[in-house]
Amino acid sequence: MRLDGIHHVTCITADAPQNVDFYTRVLGLRLVKKTVNQDDPTVYHLFYADENGSPGSDITFFEYPGVRQGRAGAGMVHTIEWRVGSDAALDFWERRLAAVASGVTRDDHGVAFADPEGLRHRLIASSVDDVPLLAEHPEIPAEQALQGFDGVRAYAAQPDASRSTLEETLGFASLGDDSWEARGATRGGRYAYDEPPAERGAGGAGTVHHVAWSSSLAEHPDWHARTLAAGLQPSPIIDRFWFRSIYFREPSGILFEIATVGPGFGIDEEHLGERLILPPAFEALRDRIEPVLTPLPDPRPWSQTP
């Protein structure tokens with residue numbers, strides 16, 4: 001069994017309207033699902049991705065209004081890495097981000113920046129053969145658009161113990177230098193460790209909650225059995241309606257999820273992200289949920305969809 005790279009990365013925001021503006025208007029992603037946290041339906045769970053909501057391009061956010069600013073530390077993901085198609089695309093993003101993002105820096109390998117809440121990103125000119133996962137945006141030509149995830153970087157707490165889990169249990173291939181690749185039949189994604197800062201990390205706005213890896217529906221029960229046998233204490237298989245999930249922590253403390261590539265976001269709406277979608281278990285509570293959620297800006301004001 002092989003995991004097909006990153007399925008999604010889930011983060012935390014204190015400000016959903018600002019979050020929608022940055023990830024749709026600035027980064028050019030599509031809001032593909034506007035729903036609620038299935039463990040706390042009083043707050044949003046927002047999903048941004050390519051035009052079709054494909055695994056491998058999906059960054060998601062729980063909104064906790066007013067939550068404190070977080071800080072990545074040992075046992076936390078600190079940077080999300082995205083693919084772009086060329087050095088010319090990096091030039092485009094360096095110019096575009098200069099006025100609207102903080103900490104924009106360019107080196108020989110990519111462009112780094114932070115979102116308005118301090119979440120670190122890095123754009124890398126990629127040469128892999130994976131299908132580019134693109135969203136449409138009137139200000140961002142297709143040849144410059146984000147193409148999906150390249151990987152994530154984390155601060156290691158117990159790298160030696162994690163190495164065994166990554167390579168022997170999850171089938172990641174070592175790339176050397178405390179970095180690995182999870183590559184399956186259709187896609188790949190990288191995972192890397194850096195030395196943690198002295199300052200202790202703190203969850204909150206601008207931090208990563210968990211990273212999910214892609215599995216087929218058919219192999220998902222076997223992944224549960226494998227992580228259980230390895231002593232990782234996985235959760236039961238949870239039906240998230242658009243995909244199924246298994247959660248566990250790898251030895252350095254990062255929360256991992258193994259999520260299925262289906263059924264997908266198109267099973268309950270024709271035009272992705274245009275209305276509040278509640279999982280069936282919460283639909284009866286719509287009249288109580290909608291009034292407490294933060295009003296959001298139009299994520300696609302240029303769209304002519306009726």
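In this predicted model, Asp87, Arg95 and Ala98 are exposed residues on the face of helix 2 that is turned away from its buried side. The buried residues of helix 2 are Ala89, Leu90, Phe92, Trp93, Arg96 and Leu97. These cover an arc of only 155 degrees around the axis, so they lie on the same side of helix 2. An α-helix has 3.6 residues a turn, so residues three or four places apart point the same way. Among the elements covering the buried residues of helix 2 are helix 1 (16-26), strand 5 (77-84) and strand 8 (120-125).

Helix 2 itself comprises twelve residues, 87-98, and spans 17 Å from its first C-alpha to its last, close to the 16 Å expected at 1.5 Å a residue. At its start, a side-chain oxygen of Ser86 comes to within 3.3 Å of the backbone nitrogen of Ala88.

Turning to the rings, the count of aromatic pairs is 20. One of these joins Phe22 and Tyr23: the ring centres are 5.2 Å apart and the planes stand at 75 degrees, so the pair is edge-to-face. Phe22 is buried at 2% relative accessible area, and Tyr23 is buried at 0%.

Tyr191 and Phe256 also form an edge-to-face pair, with 5.3 Å from centre to centre and 80 degrees between the planes. Tyr191 belongs to strand 12 (residues 188-194) and Phe256 to strand 16 (residues 255-260), so this pair ties together parts that are 65 residues apart in sequence. Both Tyr191 and Phe256 are buried.

Technical notes. Residues are numbered from 1 along each chain as its sequence is written. This is a predicted model: local features need pLDDT of at least 70, side-chain atom pairs count only at pLDDT 80 or more; totals for chains, interfaces and linings use all residues. Side-chain values use heavy atoms; hydrogens and water are left out. Rings of Phe, Tyr and Trp (its six-membered ring) pair if their centres lie within 6.5 Å; planes under 30 degrees apart count as stacked, over 60 as edge-to-face and the rest as tilted. Buried means under 20% relative accessible area, exposed over 50%, partly exposed in between (1.4 Å probe, protein chains only). Helices (H or I, at least four residues) and strands (E, at least two) are DSSP runs, numbered from the N terminus. The expected span of a helix is 1.5 Å times one less than its number of residues. The arc is that of the directions from the helix axis to the C-beta atoms. Contact means heavy atoms within 4.5 Å. A polar contact is a pair of N or O atoms within 3.5 Å; within protein, one must be able to donate a hydrogen and the other to accept it, and residues adjacent in sequence count only if both atoms are side-chain atoms.
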